[in-house]
Amino acid sequence: MTVDAMTVDETTRTVTPARAAAELELKREEFRLAVRMGLIRTTPLPDRDEAVRDRGGGRARAPERRPVERAELDRLKAAPDFPDGLRERVRAVGAGEAAGLLSITPDRFARLARTGHLSPVRFYLNRYRSVIWLYVAAEVTSFGEEHPALLGGRLPAEVREREAAGEDLRARNWRSRHLALLLRGTDDPWVRAAAVASLLDPVQVAEVVDDPYERGHLDRLRPPPPPGFPVSGAAYEVAERLVRADDPDEILWHRVSLALALDEARAVCQAPRPGERPRPAATEPEVVPVPVSDAGVVRPSDVAPAGGPVRRPAARARARRGAPPPGRAAARAPGVRRPGLLDRLRRSLPGRTGGGGGWGERRDWG
């Protein structure tokens, strides 16, 4: 096939996000949310995403800025409830409207949301830099149908105790959904590792990833922030806190997940050094079943990558010989980690802090 034929085929096979939203009769925010929820599958651009990544740098486009295949549009438009059904599945409501859907007071809804009974799908900061959480209307209605006992009378003692202890799981639940989206959208092991690292403070990442070249590679592959993320000022600081894991258990989970994700990435190729392309590993990782998390937080292996099974490297030696020279990480074989990693991670955890989730920007519209 000639270059001209490939160009024609590519332009007719996919459409821009704006064109896709128009054909699906969705508003801009509705289209973004549909992509973020996995209802609309977008297609990475090889010349913009994969080629840049192969050179060892640059960030890929956000999922909602990628083109949509014509076959995907045909699939969505063939649904019997199109377009009303699709719009209803992505309708996001605030706490007040969500409480109205359940016929309860906003205060009771907030108590249920803080204790993790409902998971926000996105958030934004208002003019006073207060965090406004939004929920999928269909999920709110479904919750009311499945848990009618929580809508009336006194809340269970367990819920009251958790609320009295100051528990607020809204940000943590949002981060879990956000990470699931990032992991679902790629099968590149280094990009998946970067997605996990994006939920950790840079100090935490540095303690897990002691190779500065690997840290730099993860930073270059860091996923773009959610749409509407503030770019500077006090609002940026508030939003930045919301996208970082803050509970010791959550931090530990993501640190261990990052260490495992790095093992998978190193088994495929090594992080590039200056002037180098990523080097493929000598062996291919083996395919194993996906482990299921019972801790309520998504791991890289919890979400299958698009177009293939989860890969996990074969067992490898964990020990390494000697200490690294001053100023540089010790050379090691792909997948080799320091012994006692889990113990070191637990010992380095910070104290418990509070919790918190940003969205809706115009600059990211393709």
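1. Helix 12 (residues 189-197) is largely enclosed by the rest of the structure, because nine of its nine residues are buried. Buried denotes under 20% relative accessible area with a 1.4 Å probe, protein chains only. The buried residues of helix 12 are Pro189, Trp190, Val191, Arg192, Ala193, Ala194, Ala195, Val196 and Ala197. Helices are DSSP runs of H or I with at least four residues, and strands are runs of E with at least two, numbered from the N terminus.

2. The model is predicted: local features require pLDDT of at least 70, side-chain atom pairs count only at pLDDT 80 or more, and totals for chains, interfaces and linings use all residues. Residues are numbered from 1 along each chain as its sequence is written, and side-chain values use heavy atoms, with hydrogens and water left out.

3. Asp188 sits in the loop between helix 11 (170-184) and helix 12. At the start of helix 12, a side-chain oxygen of this residue comes to within 2.9 Å of the backbone nitrogen of Trp190. Asp188 is itself buried, at a relative accessible area of 18%.

4. The chain contains 17 helices and nine strands. Of its 366 residues, 45% are buried.

5. Mean pLDDT (the predictor's confidence in each residue, from 0 to 100) is 76 for the chain, and 67% of residues reach 70 or more. Confidence is highest in helix 7 (residues 95-102), at 96, and lowest in strand 8 (residues 286-287), at a mean of 38.

6. Over residues 304-339, pLDDT stays under 50. Where pLDDT is low, the predicted coordinates should not be read in detail.

Key. Buried means under 20% relative accessible area, exposed over 50%, partly exposed in between (1.4 Å probe, protein chains only). A polar contact is a pair of N or O atoms within 3.5 Å; within protein, one must be able to donate a hydrogen and the other to accept it, and residues adjacent in sequence count only if both atoms are side-chain atoms. Contact means heavy atoms within 4.5 Å.
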